[in-house]
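Biologist: I am new to this one and would like to know how its descriptions are reached. Could you show it to me and talk me through a few of them?

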Amino acid sequence: MHELSLHILDLVQNSLEAGANDIFLEIIEDRPKDELMLRVTDNGKGMHETLLGTVRDPFVSTRKTRKVGLGLPLIDMTARQAGGSLDIESKPGKGTVVKATYCLNHIDCPPLGKIGAALKALLVGNPGVNIRYYHQVDSQTFSLSTQEIRGILHGIPLTHPDVLLWLDGHIRENLARLYGGVK
């Protein structure tokens with residue numbers, strides 16, 4: 001995967017397949033420290049120690065549809081290539097935390113990619129899941145939660161055309177603000 005947003009989509013898909021209904025996605029870019037951290041925390045079924053010890057092996061997968069699982073091995077590889085690391089904490093019945101770090105200015109650090117489109121797809125494509133998003137670039141922050149948005153919408157679905165337009169603009173504007181594009 002050439003973009004971190006694709007890794008994020010894969011990590012969230014893993015959370016969904018683990019039965020998570022509450023997913024917290026964090027991205028913290030600390031330019032003075034030359035560090036980018038992305039973390040996905042879920043309340044899914046979690047993994048026992050034996051499985052946790054093998055998830056970086058591409059030939060280990062809990063999926064029944066294929067015998068390989070490339071998501072975690074690929075993010076592990078990209079993080080290490082960019083001077084970072086991948087940490088996974090998980091407990092059966094308690095959920096999983098996947099945290100990847102990268103050196104922002106490392107030549108092999110993948111770009112964040114189309115994070116706005118990825119976020120919108122996650123929010124709209126999983127109506128029964130509470131997805132919380134927190135993105136920080138130095139001292140600027142942007143956060144949102146599907147639970148809060150649903151509370152404001154009073155039953156109007158996230159897939160309503162007017163909501164989609166608002167969501168698209170809200171995400172785009174706030175991501176631009178993080179990088180100094182909108183004041």
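Modeller: Gladly! Let's start with helix H4 (residues 115-125) and helix H6 (residues 161-178), whose axes come within 10 Å and cross at roughly 140°. Please keep in mind that this is a predicted model.

Biologist: Why are H4 and H6 called oblique to each other?

Modeller: Roughly antiparallel needs an angle over 145 degrees, and roughly perpendicular runs from 65 to 115. The axes cross at roughly 140°, so H4 and H6 are oblique. The crossing of H4 past H6 is right-handed.

Biologist: Which residues make the contact?

Modeller: H4 brings Ile 115, Gly 116, Leu 119, Lys 120, Leu 123 and Val 124, while H6 brings Leu 164, Leu 167, Asp 168, Ile 171 and Leu 175. Sorted by class, the contact has 8 nonpolar, 1 polar and 2 charged residues.

Biologist: Which elements do the buried residues of H4 pack against?

Modeller: Their partners are helix H1 (4-17), strand S1 (22-30), strand S5 (130-137), S6, helix H5 (146-153) and H6. Among the buried residues of H4 are Ala 118 and Leu 122.

Biologist: Now to Ser 145, in strand S6 (residues 140-145). Why is Ser 145 called buried?

Modeller: Buried means under 20% relative accessible area, and Ser 145 has 7%, so Ser 145 is buried.

Biologist: What makes the pair of Ser 145 and Gln 147 a polar contact?

Modeller: A polar atom of the Ser 145 side chain lies 3.1 Å from the backbone nitrogen of Gln 147, and the cut-off is within 3.5 Å.

Definitions and conventions. Residues are numbered from 1 along each chain as its sequence is written. This is a predicted model: local features need pLDDT of at least 70, side-chain atom pairs count only at pLDDT 80 or more; totals for chains, interfaces and linings use all residues. Side-chain values use heavy atoms; hydrogens and water are left out. Helices (H or I, at least four residues) and strands (E, at least two) are DSSP runs, numbered from the N terminus. Buried means under 20% relative accessible area, exposed over 50%, partly exposed in between (1.4 Å probe, protein chains only). A polar contact is a pair of N or O atoms within 3.5 Å; within protein, one must be able to donate a hydrogen and the other to accept it, and residues adjacent in sequence count only if both atoms are side-chain atoms. Axes are lines fitted to C-alpha atoms, for helices over the stretch in contact, and angles run from 0 to 180 degrees between N-to-C directions. Angles under 35 degrees count as roughly parallel, over 145 as roughly antiparallel, 65 to 115 as roughly perpendicular and the rest as oblique. A crossing is left-handed if the near helix is turned anticlockwise from the far one by less than a right angle, and right-handed if clockwise. Contact means heavy atoms within 4.5 Å. Ala, Val, Leu, Ile, Met, Phe, Trp, Tyr, Cys and Pro count as nonpolar, Asp, Glu, Lys and Arg as charged, and the others, Gly among them, as polar.
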